[in-house]
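Biologist: I would like to learn how to read a protein model step by step. Could we begin with the charged side chains and then turn to the overall fold and the pockets?

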Amino acid sequence: MPLIERAARALAKSEHGHDDWGGLGRDRQEEFRQTAIAVIQALRVPTPVMCEAGHKLLLQDRGLSVGSSDAHDAWQVMIDAAVGTATASAGRE
């Protein structure tokens, strides 16, 4: 399941108190998807602490030669991919 849909379903479940995705109308599902996209886009810029954690994982735990700026850039590319895929999918509907 794509990240945006998982997030949209989680938002719907949080609002309704139970998983009723199938019982929601297409318009309401799309509202949750758009909210999920907005939240994920807000998370696009990682904090320095996040970058350092990614750097530690890659360098110390995995032995790869990258810096915290690489973790920063990788995070942004990952978010762009998640949001870009969702945006492209929504355009096809």
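Modeller: Let us start with the salt bridges, of which the structure holds 5. A salt bridge is a side-chain nitrogen of Lys or Arg within 4 Å of a carboxyl oxygen of Asp or Glu. Side chains of opposite charge can pair when their charged atoms come close. Please keep in mind that this is a predicted model, in which local features need pLDDT of at least 70 and side-chain atom pairs count only at pLDDT 80 or more, while totals for chains, interfaces and linings use all residues. Residues are numbered from 1 along each chain as its sequence is written, and side-chain values use heavy atoms, with hydrogens and water left out.

Biologist: Which residue forms a salt bridge with arginine 9?

Modeller: The partner is glutamate 5, and the closest N and O atoms of the two are 3.0 Å apart. Arginine 9 and glutamate 5 are separated by about one helical turn, because they are 4 residues apart in helix 1 (residues 3–16). Helices here are DSSP runs of H or I with at least four residues, strands are runs of E with at least two, and both are numbered from the N terminus.

Biologist: Where do arginine 33 and glutamate 30 lie?

Modeller: Both lie in helix 2 (residues 26–42), 3 residues apart, which is about one turn of the helix, and their side chains meet in a salt bridge at 3.5 Å, N to O. To describe their surroundings we use relative accessible area: buried means under 20%, exposed over 50%, and partly exposed in between, with a 1.4 Å probe and protein chains only. Arginine 33 counts as buried, because its relative accessibility is 17%, whereas glutamate 30, with 22%, is partly exposed.

Biologist: Leaving aside its neighbours within four places in sequence, which residues is arginine 33 in contact with?

Modeller: Contact means heavy atoms within 4.5 Å, and on that basis arginine 33 is in contact with Ile4, Glu5, Ala8 and Trp21, once those neighbours within four places are left aside.

Biologist: Which residue pairs with arginine 44 in a salt bridge?

Modeller: Arginine 44 pairs with aspartate 80, with the closest N and O atoms 2.6 Å apart. This pair links distant parts of the chain, 36 residues apart, since arginine 44 is in the loop between helix 2 and helix 3 (48–61) and aspartate 80 is in helix 4 (residues 68–92). Arginine 44 is partly exposed at 28%, and aspartate 80 is partly exposed at 37%.

Biologist: How many helices and strands does the protein chain have?

Modeller: The protein chain has 4 helices and 0 strands, and 24% of its 93 residues count as buried. Of the contacts with a separation of 6 or more, 53% come from residues 24 or more positions apart.

Biologist: Which residues line the second largest pocket?

Modeller: On a 1 Å grid over the protein atoms alone, a pocket is an open set of points where a 1.4 Å probe fits, with protein on both sides within 12 Å along at least five of seven lines, and lining residues have an atom within 4 Å of a point. Here the lining consists of Pro46, Met50, Cys51, Gly54, Leu57, Leu58, Ala71, Ala74 and Trp75. Helix 3 and helix 4 are the elements that give two or more residues to this lining, and the largest share, 5 residues, comes from helix 3.
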